[in-house]
Amino acid sequence: MAETKVDSKAKLKQAESALAAARKAVSQQSAKLAKARAQVKSLREKAAQTGTKAAQAALVRARENVRKETSAMEQAREHARQAMAERKLARLMVTKDQVVERANARVDKVRKTMEARRRKDLVAALGKFEQRWIKRRAAADQRKLKSSEVKAERRIKAA
């Protein structure tokens with residue numbers, strides 16, 4: 001049981017670090033995308049002013065770069081979503097392990113309580129049995145003693 005607990009906590013730490021890395025990657029990719037979009041905007045203005053083929057070609061390359069960065073951004077976001085799902089699963093596993101541990105602790109506590117009560121009841125029952133047995137034995141011994149005395153008196157009278 002303890003191994004599962006340690007494993008689930010380790011998996012939670014891994015998931016947390018993976019999520020942090022994924023969020024960092026999204027942030028970095030977002031910055032790259034913003035930079036690429038700003039470049040497209042400036043190149044669009046430059047191409048509109050100059051109208052040269054070189055400016056037009058640069059604008060096409062910049063737009064292609066924005067598409068590439070957008071695609072990379074979507075991949076980074078998807079990776080972050082997966083990392084969040086893994087973290088959620090790891091949290092659920094940790095919670096499940098904690099619930100199982102508490103339930104087992106309750107069962108052990110009940111078991112120990114029952115054992116203590118059983119011992120206490122056994123001692124009480126043995127005490128009661130011993131008292132009844134001593135009382136009955138004393139009564140039986142008294143009867144035997146009385147019977148023996150009666151026989152002894154008869155022998156004395158007969159003699």
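1. Arg87 sits in helix α2. This is a predicted model, and the points below should be read as such. Arg87 counts as buried because its relative accessibility is 15%, and buried means under 20%. Setting aside neighbours within four places in sequence, Arg87 touches Leu12, Ala15, Glu16, Leu19 and Arg23.

2. Now to Ser8. Which helix holds Ser8? Ser8 belongs to helix α1, which covers residues 2-50. Is Ser8 buried or exposed? Ser8 is buried, because its relative accessibility is 6% and the cut-off for buried is under 20%.

3. The partners of Ser8 come next. Once neighbours within four places in sequence are left out, Ser8 contacts Met93, Val94 and Asp97. With Asp97 there is also a polar contact: the two side chains meet at 2.7 Å.

4. Lys112 gives a contrasting case. Lys112 lies in helix α2, residues 53-158. Lys112 counts as exposed because its relative accessible area is 60%, and exposed means over 50%. Lys112 and Leu12 are 100 residues apart along the chain, and their C-alpha atoms are 34 Å apart. Leu12 is also one of the residues that Arg87 contacts.

5. Consider the fold as a whole. How many helices and strands does the protein have? There are 2 helices and 0 strands.

6. Overall dimensions deserve a check. The C-alpha trace spans about 155 × 20 × 15 Å along its principal axes. The radius of gyration is 45 Å, whereas a compact globule of 159 residues would come in near 15 Å.

7. Burial across the chain is worth noting. Of the 159 residues, 17% are buried. Ser8 falls in that class at 6% relative accessibility, and Arg87 does too at 15%. The accessible surface comes to about 13200 Å². Carbon and sulfur atoms account for 56% of that surface.

8. Last, the charges. The protein carries 44 positive and 18 negative charges. How far apart are their mean positions, and what is the value in Å? The mean positions of the two sets are 3 Å apart.

Technical notes: Residues numbered from 1 in each chain as written. Predicted model: local features only at pLDDT ≥ 70, side-chain atom pairs only at ≥ 80, totals over all residues. Heavy atoms only, no water. Helix = DSSP H or I, 4+ residues; strand = E, 2+ residues; numbered from the N terminus. Rg over C-alpha atoms; globule rule 2.2 N^0.38 Å. Buried < 20%, exposed > 50% of the residue type's maximum accessible area, 1.4 Å probe, protein only. Areas by Shrake-Rupley, 256 points an atom, 1.4 Å probe, with all protein chains shown as cover. Lys, Arg positive; Asp, Glu negative; His and termini not counted. Charge placed at Lys NZ, Arg CZ, Asp CG, Glu CD. Polar contact = N/O pair within 3.5 Å; in protein donor to acceptor, adjacent residues only side chain to side chain. Contact = heavy atoms within 4.5 Å.
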